[in-house]
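Work through these exercises with the model open. Each task is followed by a stepwise solution.

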Amino acid sequence: MLVLGIETSCDETAAAVVQDGKEILSSVVASSLKFHKEYGGIVPEIASRMQLETIANVVDSALKKGGIKLKDIDLMSVTCKPGLLGSLLVGVSFAQAAGFASKVPLLGIDHLHGHIYAAFLSGRAPALPFIALVVSGGHTSLFYIEDFDRISLLGSTLDDACGEAFDKVAKILGLGYPGGPYIEKAGQKGNPRKYKFACSNTKKPLDFSFSGIKTALWYAAGNKRLGQQDKKDMAASFQETVINTLIEKSLLACRMKKVNRLAVGGGVAANNRLRELFFQRGKASALKVYFPPRELCLDNAAMVAGLGYRLFKKGGRRICFPTNRLFCV
Ligand code: KG4
Ligand code: ZN
């Protein structure tokens, strides 16, 4: 079964063709990131305008790269939530028009569930049930996955998302945007024990809070003239603390649900130090840890197409409109 996936929830315009939920025939990602850099964050209007301009070419290019014609596609799936409203509307409207014109069924996908599915595109995926941690620029959530149509939320961030905290800390340290890769690079040459940071406690143990550590770092950075080594030490100390919190809560979720399989996805899961520490601590706790390949941690449409196949096979037929109206095809 050939599935065309479309993803436009943030600044990316992405399309991919995936066969039978696992073989990626093509995956094209166009980003408007360079137009947002001067603002230090994503500007929704710029993102949706660029998506409107590029989506037809991106889909065309994904079909061409996969050697597929639109008439060969059996199913289209599109990210319909959560994300920037204008951006989601571009993807959903395009997919709906293309699906209608080509008489191909269309399915709406939850972006966070897509990030979880990315691990299933690697050839090494967890057996059901498992715990999933999604760490992205907009979300930090722990899920219990009994199957992809039976997902329960165990906890999520009360304030900043994990990736957002990386982005803001990088901004405080004057490192660049988006901050994750800059913090990772600076942290490689820093001392993670130099600064004593901590993530705030949360009432519910599986929730997260990152605004406190960001503020603590802001005060620590504001109290002195930062040299290059200070910045590296701060980046390393921040990163290590956040990763350890993510690990503690993920391990706790596994214990609470009595499962020994954990999948991690989302942009922050591309971080090498995070991957290394999760594998180390997982091994020490007799836990099997699964990551997508690094390029599939970031937003892409292959995960949307893959999950679309999986849900369609299970009888899923729904498009959830970003405006919360539900339609059936
Ligand atoms: O999943 P994603 O591509 O988009 C959203 O759904 O939000 O995640 C983007 C986030 C950004 O905050 C970015 O700074 C972070 O992922 N990120 C990283 C790394 N690469 C991207 N964070 C830490 N280390 C990285 N190497
Ligand atoms: Zn994402």
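**Exercise 1. How do strands β6 and β7 pair, and what sheet do they belong to?**

Keep in mind that this is a predicted model.

Step 1. Take β6 (residues 130-135) and β7 (residues 140-147). The two strands run antiparallel and are joined by six bridges.

Step 2. Pick one pair. Alanine 132 has phenylalanine 143 of β7 as its bridge partner.

Step 3. Five strands line up as β8-β7-β6-β9-β10 in an open sheet with mixed pairing.

Step 4. Look at the edges. β8 (150-156) and β10 (288-290) each have a single partner strand, so one side of each has no neighbour in the sheet. On average, neighbouring strands are turned by 25° against each other, direction ignored.

**Exercise 2. Is aspartate 147 buried or exposed?** **Find its contacts as well**.

Step 1. Locate the residue. Aspartate 147 lies in strand β7.

Step 2. Apply the cut-off. Buried means under 20% relative accessible area. Aspartate 147 has 10% relative accessibility, so it counts as buried.

Step 3. List the contacts, leaving aside neighbours within four places in sequence. Aspartate 147 touches Leu128, Arg310 and Lys314.

Step 4. The side chains of aspartate 147 and lysine 314 form a polar contact of 3.1 Å.

**Exercise 3. Check the span of helix α10, then find what covers its buried residues**.

Step 1. Compute the expectation. Helix α10 (residues 302-313) has twelve residues, which at 1.5 Å a residue should span 16 Å.

Step 2. Compare. The end C-alpha atoms of α10 are 17 Å apart, which agrees.

Step 3. Count the buried residues. Ten of the twelve residues of α10 are buried, so the helix is mostly covered. Among them are Met303, Val304, Leu307, Tyr309, Leu311 and Phe312.

Step 4. Identify the cover. It includes β1 (2-7), β2, β3, β4 (75-81), β5 (106-110) and α4 (111-117).

Step 5. Look past the helix. Glycine 315 follows α10 and has a positive phi, near 100°.

**Exercise 4. Describe the hairpin of β2 and β3**.

Step 1. β2 (residues 12-19) and β3 (residues 23-31) run antiparallel, joined by eight bridges.

Step 2. Go to the turn. Three residues lie between the two strands. Glutamine 19 has glutamate 23 in β3 as its bridge partner.

Step 3. Aspartate 20, in the turn, has a positive phi of about 50°.

Key. Residues are numbered from 1 along each chain as its sequence is written. Chains are lettered from A and ligands numbered from 1 in the order in which they are written. This is a predicted model: local features need pLDDT of at least 70, side-chain atom pairs count only at pLDDT 80 or more; totals for chains, interfaces and linings use all residues. Side-chain values use heavy atoms; hydrogens and water are left out. Two strands pair if DSSP finds at least two bridges between them. Helices (H or I, at least four residues) and strands (E, at least two) are DSSP runs, numbered from the N terminus. The expected span of a helix is 1.5 Å times one less than its number of residues. Buried means under 20% relative accessible area, exposed over 50%, partly exposed in between (1.4 Å probe, protein chains only). Contact means heavy atoms within 4.5 Å. Axes are lines fitted to C-alpha atoms, for helices over the stretch in contact, and angles run from 0 to 180 degrees between N-to-C directions. A polar contact is a pair of N or O atoms within 3.5 Å; within protein, one must be able to donate a hydrogen and the other to accept it, and residues adjacent in sequence count only if both atoms are side-chain atoms.
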